[in-house]
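Dear colleague,

Please find the structure below, handed over for your study.

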Amino acid sequence: MKVISVGNALVDLLVMLPSHEVLRQLGLVKGSMQLIEKSMRRNILEIVKDFPQKIVSGGSAANTAVGMAQLNINSSFVGVVGNDNFGDFFQLDLKKQGVHTFIDLCKEPTGVSIVLVTPDGERTFATFLGASLHLTIDAIHQAIRQERFDWLYVEGFLVENHDFFESILKLAKEINLKVGLDLANFAVVERHRDFLYEMIRKYVDLVFVNREECIAFCHQKSEESIDFWKSMGKIVALKLAEDGAIIIYKDAIVYSPTEAVEPLDTTGAGDLFAAGFMFGLSQGLSMEKTAKIANFVAREIIQIIGAKLPVEKWSEIRGKIKKIIIE
């Protein structure tokens, strides 16, 4: 199975906050994603400069692309970075992780997502999109036409530009790609709920959605939304954090519990859940085992800082997944 992922090419700056006070000081809603301009970027960086920090390549779809590559899926990513050190870092990191890249360069600085992590492991995103805003449908078209892909995976953060977002989905369907969509963040869903509903209905085959996003989209809690999702006729993965996941497909419902662990940082949990889920689909596994693998991979990432697992850790994960498959 070949998957091409489309999203914002960002470098993540993870900042471990000592308390929630900084969020209040900055006027940021805990757990939200807010787009920021250069002046706000400078202000945040000044305020958090003395807190523990870590820099990794990021962007939701790029994180999932890396996870898929580490699980031996043929994984590609298309995006735009600046001609700067952050852009070089982003490209080298994805290639090192086994992702085929279709990266354009532009004069704008590489995008940066400042991930503010509170002591409970919750993430609040202040994102400067920078060069990633210059991704074009022509660049995506050229990338998709170079190989015969099976799936297009797209992050919901791209929905801020409605025409561009729909053009991506239309292009995928024109060449018979299946489409997987992660709803990204509850604030994004609240702003674009009606448009997202129409896009999912018309183009999407697989939806990844967490508790908060589900409430914003369905106006129902996850466990109460099953009939709503069934009526849309899609594969839906409801991510319930420490409570596992609910998978809805055709007329079936799979409840998949997970082992509870103390989260150190939930950055990338949804992205790696998606990677694990796509692996299950690539192997033709049952939804029960697919969900179990997705939960397992997501559980691994929340026990480290950041959205990237060490390469040596992936070897261990692949071994454990083999055991899940033969259980």
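**A buried charge without a partner**

Asp 271 is buried (under 20% relative accessible area, where exposed is over 50% and partly exposed lies in between, with a 1.4 Å probe and protein chains only), yet Asp 271 has no salt bridge, and Arg 123, the nearest side chain of opposite charge, is 5.8 Å away. A salt bridge here is a side-chain nitrogen of Lys or Arg within 4 Å of a carboxyl oxygen of Asp or Glu. For charge, Lys and Arg count as positive and Asp and Glu as negative, while His and the chain ends are not counted.

Please note that this is a predicted model, in which local features need pLDDT of at least 70 and side-chain atom pairs count only at pLDDT 80 or more, whereas totals for chains, interfaces and linings use all residues. Residues are numbered from 1 along each chain as its sequence is written, and side-chain values use heavy atoms, with hydrogens and water left out.

Asp 271 is placed in helix α10; helices (H or I, at least four residues) and strands (E, at least two) are DSSP runs, numbered from the N terminus. Apart from neighbours within four places in sequence, Asp 271 is in contact (heavy atoms within 4.5 Å) with Ser 60, Asn 63 and Thr 64.

Rolling a probe the size of a water molecule over the atoms shows where empty space is left. On a 1 Å grid over the protein atoms alone, a cavity is a set of points where a 1.4 Å probe fits but cannot get out; a pocket is an open set with protein on both sides within 12 Å along at least five of seven lines; and lining residues have an atom within 4 Å of a point. Grid points are joined across faces, edges and corners, and a volume is the space filled by probe spheres set on the points.

The largest pocket holds about 1,200 Å³ of space. Its lining has 49 residues, and those closest to its centre are Arg 123, Asn 210, Thr 266, Ala 269 and Gly 270. Helix α10 supplies the largest share of this lining, 4 residues. The lining comprises 17 nonpolar, 16 polar and 16 charged residues; Ala, Val, Leu, Ile, Met, Phe, Trp, Tyr, Cys and Pro count as nonpolar, Asp, Glu, Lys and Arg as charged, and the others, Gly among them, as polar.

There is 1 cavity of 30 Å³ or more. The largest cavity has about 30 Å³ of space, and the residues that line it include Asn 63, Leu 272 and Trp 314. Helix α3 gives the most to that lining, with 3 residues.

**Salt bridges**

How many salt bridges are there? The count comes to 17. In one of them, Glu 160 pairs with Arg 191, with the closest N and O atoms 2.5 Å apart. Glu 160 lies in the loop between β9 and α6 and Arg 191 in helix α7, so the pair ties together parts that are 31 residues apart in sequence. Glu 160 is partly exposed at 30% relative accessibility, as is Arg 191 at 43%.

Arg 211 forms a salt bridge with Asp 243 (2.4 Å, N to O). This pair links helix α8 to the loop between β12 and β13, 32 residues apart. Arg 211 also meets Glu 223 in a salt bridge (3.9 Å, N to O).
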